[in-house]
Amino acid sequence: MTFWKRFATNRGAVIGLVLLAAVIAIALLAPVIYPGGPWKMVQRPFLVPFTTDGLPLGTDTLGRNVAAGLVHGARVSLLVGLVSTVMALLIGVPLGALAGFYGGYVDEGAMRFTEFFQTIPNFALAIVLVAILQPTLGSITLAIAIVSWPPVARLVRAEVMSLKRREFVDAAHLAGLSNIRILVSEVLPNAVSPIIVMASLMVATAILLESSLSFLGLGDPNIMSWGYMIGAARTVIRSAWWLSFFPGLAILLTVLALNLIGEGLNDAFNPHLTKKGRT
Amino acid sequence: MSDPILSIDALTIDLPAGADRPHAVEDVSFDLSKGEILCVVGESGSGKSMTANALMGLLPDGVTVGRGRAVFDGTDVLPLSEVRKQALRGARIGMIFQEPMTALNPLMRIGDQIAEVFAAHKLHSKSERRARALALVKEVGLPDPEKIIRAYPFQLSGGQRQRAMIAMALALEPEILIADEPTTALDVTTQAQILRLILALREKHGMAVMFITHDFGVVAEIADRVIVMRHGRIVEAGLAQQVLETPQHSYTRALLDAIPTGRVPDLQVITAAPALEIRNLNKIYRTGGGVFRPAREVRAVNDVTLTIAKGEVLGLVGESGSGKSTLGRAVVRLVTPDSGQVLVGGVDLAALDAKALRQQRHRVQMVFQDPYASLNPRHRILRSLSDGPIAKGVPKRQAHTRARELLDIVGLGADAATRFPHEFSGGQRQRIGIARALAMDPELIIADEAVSALDVSIQAQVLALLADLRRKMGLSILFITHDLRVAAQVCDRIAVMQYGRLVEVGPVREVFHAPQQPYTRELLAAVPGAGWAVAPEAVSA
Amino acid sequence: MSLLTTIFGRLIKAVLTLLAIAVLNFFLIHAAPGDPAAVIAGEAGAADPLFIAQLRERFGLDQPLYVQLWSYVKNVLTLDLGYSFRQGMPVYDLIADRLPATLLLTLSSFVISLSLGIAFGVAAAARVGKASDSILTTIALLFYATPLYWAALMAVLVFSVQLGWLPGFGYETVGSGYSGLQRTWDILQHLILPALTLGLFFMAVYMRMTRASMLEVSQMDFVKTARAKGLSGAVIRRRHILRNALLPVVTLAGLQAGQLIGGAVLTETVFAWPGIGRLMFESLEARDYNTILGVFLVSAAMVILFNILTDIVYRLVDPRIGAKS
């Protein structure tokens, strides 16, 4: 069975893929669906969902369209999730690869560094970084990347350490290839699958982190995001539950979709492990 | 030995849908008599273990008994409920497995794991269980029993763990002991000890033993009767001596022929010019160590001096931990020796810096042990074979042409070049590995356990290929192996290694027939079926 | 290595880690846009220039960077975390005042999520492939994707606002005058929702890990040995599979401790739980950087404490660790 066939037989993974495709489509089409943007006040505040035409999810405390907020909020979630994950990979993959491949003092140093970052409570560090650098899209993405790379480094290190003991790597040494070429063209390509699986799960975690920061008021003040919507509605939860409910549901579904895809990829990459339905 | 204690009748075991064949075992019938040792022999995938697992109710998920009966003491055990099977397991049928390193619970003390057998069958008081565990540990010949029962598995060697396993299997004096390749993972001297132990215990307790193995040497050593299996069917059955001496089925004959026997080759005329000179080579491994404790030192290679002549095949034999692999890897500089010289074609490989080394790498190439790990799964065969020559400066087109040529020479055909490793079997991959080594035009090839992972029939084919290439190309080979029979078949001279030192070096004939050192004698005596394999006619050949 | 030397080694490492975090803190202050003195004073506070000048002198901000670093680290080592001009109190006192509430919340959350997670994971693994396994894993998957703070808000909405079963706000009933057992009971009631919602995500993590680990271990050779001995399925699961399967879960729990403590910021914010997380949130709004960094340091110290605890547990379970290295 090919990789994609295995992936397609996994019901959860397909559901996840459909969900994610929908979220991506909504994010891309946001300016078309609600060209007025999410900030415009369109009606009186606290309109209950499903009661007013054109405002399916009601209005918020300032009379803004909740549906427009949700649609535009998808953009920042996906963007921050994706970019911060790429940045985290750019830090974690080289560090882990060098540590695992060269071992010795390189490994020792890299791992102490990684361990240090892993000891720091990552959400607290993200808060501190964003608070000090001032909340902008860039600082939020950077902060999330800085707190997310250690697991990547550990994973890549472990993979590389086990791969470098394989005999085909010995053979590459005997072929007279340089260390860096062996690492890049012989070792790392064989570590790609677990990295992809981890990356898909990291995007999910990054979306959660971004929304949590925004919830605490550490979001970019110029950009509508799901976490901000929930945070702004927190104090009126007793009177206007829908203001917190729908953005939260959007986060949940997006994160769920990514997790399902991650698991589907993992199962498809490791067919021999799937039989027992591992999580 | 007439009345069967176990009688298996027309047993068929079904594999799950999508497997490479419908049945793991098909229409298998045999009897096991009280006190006899029955060897079930076959290559991997022959279904030899499945029969035993079915009997124990330990079949893997998805594998089920299709038809047939297994009558033990008057009852068909196959359809029994799980609870009744539990009552049989351990108590009346004991079992030991291949991998002693993983077959024991790493978090439980040995004594507790033995005592657990009594607990499982609700026998004896707690103190009585402990006393019996101690007695069993003594019986299977483990040293310092008081200490052993309090030890954890990681504190024991492989052979000791297998003894502990045997103690567990024998705890309740079962009528049948099933041994599934119990010595395959062990060194040859340890293997000999375990085989002796099983024979002695059979003598004492009179249990029947169903011994599953791939090794006819082991068969010759302990079997009363033999069953030969292939593709899930029995192809031949009979008394051990009959099957070994006058095999009836062509497959059995092929298997027996494939075994590297002790037939010792005539002395080769060897040129004086050396292909490899190793001078006073040393390699020490330091493990552990830290702020609180000193490092542990292991002299993996201890002052080794050795020469291989051009066109010679030198066998380097030793048990695990003898340092033979480290020596091989030091020669190709996958391991950097602490001191000493490795001279190949006038160049001291041990002294080169990284850059110079890369340029001289082509002089020595290696054929590896594990056919499944020695080829990059993401590269086509062509790339695996031509990366080295291209790095060395051979034009790409020429390297590719040569790669196709070599694939043809090793018997795979030039078409193999565009395929990926997973499309090949283990034996085929080993041929690719040989082609890859040849592609570099090396002055010396190191074959590190190059046939150990293969089934005997495949092993024979690869050995024949090596012998053929050697004749045609005049290769010089350092042939590292733990298997003396293989060494005897392909080598001109043999070097025996123990604890990092060379114990004895000499022409095969001399080392085999007039070993000078006690360790060499011990090693030769431990070869399973030694007396049978090095038959009188072979000695005089 | 004995347990004592292990703990000793871990403590040295802990001190070094904290020192490194102090250094990091110092540079963060200097990385903040604007005058470090203003940052320390609380930037938005528009403190008067005289006051800023006093600060600059007190912290030696006109001195070379390394001198400043040294005095900062020295202060941290003597538990002087600076002064919160916003709250008019030393940061240390502020944190010491709030820490017990956070410890109560995070520890109970940790215990609840770990024990429930392991229990559900074991249950799911024992019924692998069956409907109950699918239900458990699906629920875990949902919890795993739910934002902490949203789960907390929804819990308040349902259990406090709608059903009125549990208080959804604060640490205890203000002005009730309860004492002794009555007060304990009151606090316990207030604790349930925050502890559960904080633990949901981690429960899902531990459950998935336990289930996967149980299934993996059950394929190992020694489990086959145990079956060959004639042990029953229940005994094999308990004595052979579970203990081995728990090792990676314990490791994970240690690694996740940091996230749990970070998550407390969100939970405490939603439930107005008077812990250091809530303190951090309040300081964020007030741009009280000194306090933020103090909380950050203390939360890292808490993570280290959790890690040492899981390390000790690990060593007690696995005989190989103590002997090998």
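How many residues has helix 7 (residues 148-162) of chain C, and what distance does this helix reach from its first C-alpha to its last? The helix has 15 residues and reaches 20 Å, close to the 21 Å expected at 1.5 Å a residue; the expected span is 1.5 Å times one less than the number of residues.

## Basis of the model

This is a predicted model, in which local features need pLDDT of at least 70, side-chain atom pairs count only at pLDDT 80 or more, and totals for chains, interfaces and linings use all residues. Residues are numbered from 1 along each chain as its sequence is written, while chains are lettered from A and ligands numbered from 1 in the order in which they are written. Helices are DSSP runs (H or I, at least four residues), numbered from the N terminus.

## Helix 7 of chain C

At Val156(C) the helix bends by about 25°, the bend being the angle between axes fitted to the seven residues ending there and the seven starting there. Its buried residues (20 or more other C-beta atoms within 10 Å of their own, C-beta atoms being placed from the backbone) include Trp150(C), Leu153(C) and Val156(C). The buried residues of helix 7 pack against helix 9 (192-215), helix 10 (226-233) and helix 11 of chain A, together with helix 8 and helix 10 (233-271) of chain C. Gly164(C), with a positive phi near 65°, follows the helix.

## Helix 6 of chain C

Among the buried residues of helix 6 of chain C are Leu136(C), Phe143(C) and Tyr144(C). Their cover includes helix 11 (242-269) of chain A, and helix 5 (91-126) and helix 8 (180-217) of chain C.

Key: Buried ≥ 20, exposed ≤ 12 C-beta atoms within 10 Å, placed from the backbone. Helix = DSSP H or I, 4+ residues; strand = E, 2+ residues; numbered from the N terminus. Contact = placed C-beta atoms within 7 Å.
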